Number of protein chains: 2
Amino acid sequence: MPSEDRKKSRVTLLDVAQRANVSRATASLVIRKSPLVGSETRARVEAAMRELGYVYNMGAARLRAERSHTVGVIVPNLMNPFFAELLAGIESAIDSAGMVVILAKSGDLVERQDMVMRRMREHGVDGVIFCPAAGTAPEFLERVDEWNLPLVQVLRHISEGIDYAGADYAGGMRQAVDHLASLGHERIAFAVHGPVHSAYLERVEGFRDAMLARGLDPERIIRVPYQTARIPGAAHLLFETPEKPTAVICFNDVIALGLSAGLHDLGLKVGETFSLIGFDDVAEAEVIRPRLTSVSTAPEAIGETAARLLLDRLADPLLPPRRVVMETRLHVRQSCGPVRPPAP
Amino acid sequence: MPSEDRKKSRVTLLDVAQRANVSRATASLVIRKSPLVGSETRARVEAAMRELGYVYNMGAARLRAERSHTVGVIVPNLMNPFFAELLAGIESAIDSAGMVVILAKSGDLVERQDMVMRRMREHGVDGVIFCPAAGTAPEFLERVDEWNLPLVQVLRHISEGIDYAGADYAGGMRQAVDHLASLGHERIAFAVHGPVHSAYLERVEGFRDAMLARGLDPERIIRVPYQTARIPGAAHLLFETPEKPTAVICFNDVIALGLSAGLHDLGLKVGETFSLIGFDDVAEAEVIRPRLTSVSTAPEAIGETAARLLLDRLADPLLPPRRVVMETRLHVRQSCGPVRPPAP
DNA sequence: CTGAAAGCGCTTACAG
DNA sequence: CTGAAAGCGCTTACAG
């Protein structure tokens, strides 16, 4: 009978205490590394734990102590390598703190996000790090207040009143525009896709502002498909206006990779005949030909920062809300060159 | 005082029951959707839950019921898009089952894997899906037996006695070799990297067997760096033997992407002057130029399968161990061409 | 430094 | 269909 086995195999703190000839309270102190316990006693208890194969029961501890050592992480999706790197950063930091991450994806759907958020509360997470789904209403945060659940926003934000870790998207856009302008480009397009959210807006506005600041036309914005495989086929969209661009800045590297391929298919030579800049600087940027010039947003570092923000808040819930906006840096590789006569 | 707020804000099942004028047991039944409760009563309880903002306390439930609705997932890393896709598949399936995933990475280190595994047991996961770290000793599984913890191996396996979900790597290798051979290639290299584990061995042996079956030399195996950015620079390794290969099959797409770039740097034209086949068929394969011919292993589907295996076992612990090895398919794109006179 | 007692929020038999 | 009681495995004061 497996269920019997299970029952029998559960060794509890009381078993340990008895074996070590101490009370349960003392054994509990040893586990939590309290300095109140004598080293001889401690050693005896630890030996007993080992001999019995004792496994701490976090669930039981949490019930009494109101801390689960668990943090929820909600991302829109996992397919974009960018989010995978972000997640890796979060996981590392949370793990180092001796805690564990409960992962869920929202699919960028607010209803799913609500569901997932509730599920996490049911599981008693100590806090959650989330990248708000596009369209998350600000009212969402009023509800959060009542939950008394520490939250940190990552990459995207919907409220000033809550911790946030992200990157200086607008600054990155400016660097990209400046780089292209310094190469003589004036007709610069911006390729976007996906849902609208704060990071989207900051990039678009960053692009516009940077273009305007140089007296360039900021309205050459094109929308490409969301699905990776369909992006190359959308490259022609760049050339449907009378005054064709000589360069494009991409909303992210997924688009940049796709357009780089699509431009190639159109007979253009990226970095020579046409210039292209990506955004995020994912690992693939180095491995594509021509190598992709891209604005680095260091997702792993952002993830670590977000985790740190949450950990700090758990340590001191009264901390005022913090925003950390990480610097962004243009990683120049090979996908840009000086202007040439307009494309086909 | 936030801690006071916290205390006050905790509404329990008893609060709900009182408000609805029923006993706690009854309230518990409606939560668990028992059919034993009358619909009028049920409605009253549900209304009370809504009005009070009740949140189910999974932790408390687990303590009594011995089920945490939680599954652990351990992967070597998250940076390889392949694992991200696998994870996405697992997460979806687990989520649909109303459970939640606790994520951790092992870094392919057995000590870390041990740590993480213990942490998961402490958190009382109902089971774990893991991709065994390279070097995991078979003895590992003897310990597992005592834990009475349902386990499923994914992608890699160390024991026949435990559920496993993976892909037919050897079959994939055979298809790759056959494809190249049908184009007239005879000197085919195999590019590998990373730690040795079952999936590694199956690919290498699959390659060897397929080559041998055709009377071709199976020993042209080269090791490239593990770090993505350094792979292109290793392409020259292909040509250091006297009899230079005319094609290469890659252990995974990360290598294929890197070598595709490196070959290009060497002045070769992939798909014409030199042929190349990847393994895994990640999204980038479609977006690279030339498009990458790759053996599709459908990581997302494998992830879902692994989750299903675990769910089935939770439902029926007495099930005999199962192995599901998913078919693999060569996705022909543009990176292979007929043999040509040997490379430089 | 150690022990006995109460309690965290549920579920589980067991009666009614 | 509903209620009263016990208990899951810990931690937390509170005495000693």
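**Questions at a protein–DNA model**

Visitor: What makes the pair formed by B:Ala60 and DNA strand C a polar contact?
Guide: A polar backbone atom of B:Ala60 lies 3.2 Å from a base nitrogen of DNA strand C. A polar contact is a pair of N or O atoms within 3.5 Å; within protein, one must be able to donate a hydrogen and the other to accept it, and residues adjacent in sequence count only if both atoms are side-chain atoms. The distance is within the limit, so the name applies. B:Arg24 also qualifies: an N or O atom in its side chain is 2.8 Å from a base nitrogen of DNA strand C. A:Ser23 has a polar backbone atom 2.5 Å from a phosphate oxygen of DNA strand C. H3 and H5 of chain A, with H3 and H5 of chain B, each give two or more residues to this surface.

Visitor: How should I read this model?
Guide: It is predicted: local features need pLDDT of at least 70, side-chain atom pairs count only at pLDDT 80 or more, and totals for chains, interfaces and linings use all residues, while side-chain values use heavy atoms, without hydrogens and water. Residues are numbered from 1 along each chain as its sequence is written, with chains lettered from A and ligands numbered from 1 in written order.

Visitor: What makes A:Ser28 a residue near DNA strand D?
Guide: Near means that a heavy atom of the residue lies within 4 Å of the strand. DNA strand D has 26 such residues around it, and A:Ser28 is among the closest, with A:Tyr54, A:Tyr56, B:Ser23 and B:Arg64. Of the atoms of DNA strand D within 4 Å of the protein, 64% belong to sugar and phosphate. B:Arg64 puts a polar side-chain atom 2.8 Å from a base nitrogen of DNA strand D.

Visitor: Why is A:Ser275 called buried?
Guide: A:Ser275 has 0% relative accessibility. Buried means under 20% relative accessible area, exposed over 50%, and partly exposed in between (1.4 Å probe, protein chains only). A:Ser275 therefore counts as buried. A:Ser275 sits in strand E9 (residues 275-280) of chain A. Its side chain reaches the backbone nitrogen of A:Gly337 at 2.9 Å. Its contacts (heavy atoms within 4.5 Å) include A:Leu180, A:His185 and A:Cys336.

Visitor: How do you know that B:Asp95 and A:Arg119 form a salt bridge?
Guide: The rule asks for a side-chain nitrogen of Lys or Arg within 4 Å of a carboxyl oxygen of Asp or Glu. B:Asp95 and A:Arg119 meet N to O at 3.0 Å, so the pair passes. The interface of chain B and chain A holds 10 salt bridges by this rule. It also has 16 residue pairs in polar contact, both at pLDDT 80 or more. H6(B) supplies eight residues, the largest share of the side of chain B that touches chain A. That side divides into 28 nonpolar, 13 polar and 18 charged residues. (Ala, Val, Leu, Ile, Met, Phe, Trp, Tyr, Cys and Pro count as nonpolar, Asp, Glu, Lys and Arg as charged, the others, Gly among them, as polar.)

Visitor: What does the buried area of chain B and chain A come to?
Guide: About 5,400 Å², with 60% of it on carbon and sulfur atoms. Buried area is the accessible area (1.4 Å probe) that two parts lose on being put together, summed over both. The contact takes 59 residues from chain B and 58 residues from chain A.

Definitions and conventions:
Helix = DSSP H or I, 4+ residues; strand = E, 2+ residues; numbered from the N terminus. Lists of a residue's contacts leave out its neighbours within four places in sequence.
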